[in-house]
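Biologist: I have the sequence and the model open side by side. Please take me through them one question at a time.

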Amino acid sequence: MKSLVAAILIVLTIGACTTGTSTSAPSQTNVGSSSFEPDSSGSFGSSSPGPSTSGPSPSLNLAIPHADPALEARLPDEFEGKPLTKLSVDPISAAAGGESIGGLAKTIGDGSGNYGLAYASNPTDPTFNLIALRIPGAASTALAEGFAALLIQDTRGAEAEQVSLAGRSVTHITAPNTSLGDTWFYVKSDTLFGVQASSQDRAAALLALLP
């Protein structure tokens, strides 16, 4: 099974190669213990090697995907005074590697397999990520449990716990073998909001910006 990050990694690679924009995608993106690290197969990997030196030439004029602008709008526009890059994918735009999230959507959603996955980050500060995942028709508990299970499956040594942070009850997924840090997330109705951060204090500041 491809790792959870598959649905967004390939589009991050594309975004990084977009010319003429200040919102090129960052080199690292994590959902919990699995690193949001773009690779050529579009899979979420568990390593964090830093900025990519391979892939398409920066001269390629490829567009950053915005498959779900409404979901992107629910993520903050800036953090610590710096603007954030946003992008989003759905089952069509993530076809190169969205098998794990697509499978979850078919299992717990309305049966269509539809989902939206949005992402926000600062390309010049690859120490945090924000995500939003919407699966139409999904029950909150099923979405939280399914997402946690995928993260744990994809990351060696990862564990889950329920904690209180930034005034919220959140699921905390440890990431002992990744440099980007742990993941904290919560679910509202059929939408999951989460952050990955290098410290709990930074995670709290990011969570405070989410709906």
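Biologist: Which residue in β5 is the bridge partner of Tyr119?

Modeller: This is a predicted model, where local features need pLDDT of at least 70 and side-chain atom pairs count only at pLDDT 80 or more, while totals for chains, interfaces and linings use all residues. Residues are numbered from 1 along each chain as its sequence is written, and side-chain values use heavy atoms, with hydrogens and water left out. Strand β4 (residues 116-121) pairs with β5 in the antiparallel sense over five bridges; strands are DSSP runs of E with at least two residues, numbered from the N terminus, and a pair needs at least two DSSP bridges. In β5, the bridge partner of Tyr119 is Ile131.

Biologist: How many residues lie between β4 and β5 in their hairpin?

Modeller: β5 is mostly covered, with six of its seven residues buried (buried is under 20% relative accessible area, exposed is over 50%, and partly exposed is in between, with a 1.4 Å probe and protein chains only). The number of residues between β4 and β5 in the hairpin is six.

Biologist: Which residue takes a positive phi in the hairpin of β6 and β7?

Modeller: Six bridges join β6 to β7, and the two run antiparallel. One of the pairings sets Ser164 against Ser169 in β7. Two residues sit between the strands of this hairpin, and the residue with a positive phi, near 55 degrees, is Ala166.

Biologist: How far does α4 reach from its first C-alpha to its last?

Modeller: Helices are DSSP runs of H or I with at least four residues, and α4 (residues 140-154) has 15. The expected span is 1.5 Å times one less than the number of residues. Its buried residues include Leu143, Phe147 and Leu150. The reach of α4 is close to the expected value, at 21 Å.

Biologist: Why does Leu104 count as buried?

Modeller: Leu104 lies in helix α3 (residues 99-108). Leaving out residues up to four places away in sequence, Leu104 touches Gly109, Ile135, Gly146, Phe147 and Leu150, where touching means heavy atoms within 4.5 Å. Leu104 counts as buried because its relative accessible area is 11%.

Biologist: With which side chain does the side chain of Arg202 make a polar contact?

Modeller: Arg202 sits in helix α5 (residues 200-207) and counts as buried because its relative accessibility is 16%. Beyond its neighbours within four places in sequence, Arg202 is in contact with residues including Phe79, Glu80 and Thr127. A polar contact is a pair of N or O atoms within 3.5 Å; within protein, one must be able to donate a hydrogen and the other to accept it, and residues adjacent in sequence count only if both atoms are side-chain atoms. At 3.2 Å, the polar partner of the Arg202 side chain is the side chain of Asp125.

Biologist: Is Arg74 buried, exposed or partly exposed, and what is its relative accessible area?

Modeller: Arg74 is in the loop between α2 (69-72) and β1. Setting aside neighbours within four places in sequence, Arg74 is in contact with Thr191, Phe193 and Pro211. Arg74 is partly exposed, because its relative accessible area is 35%.
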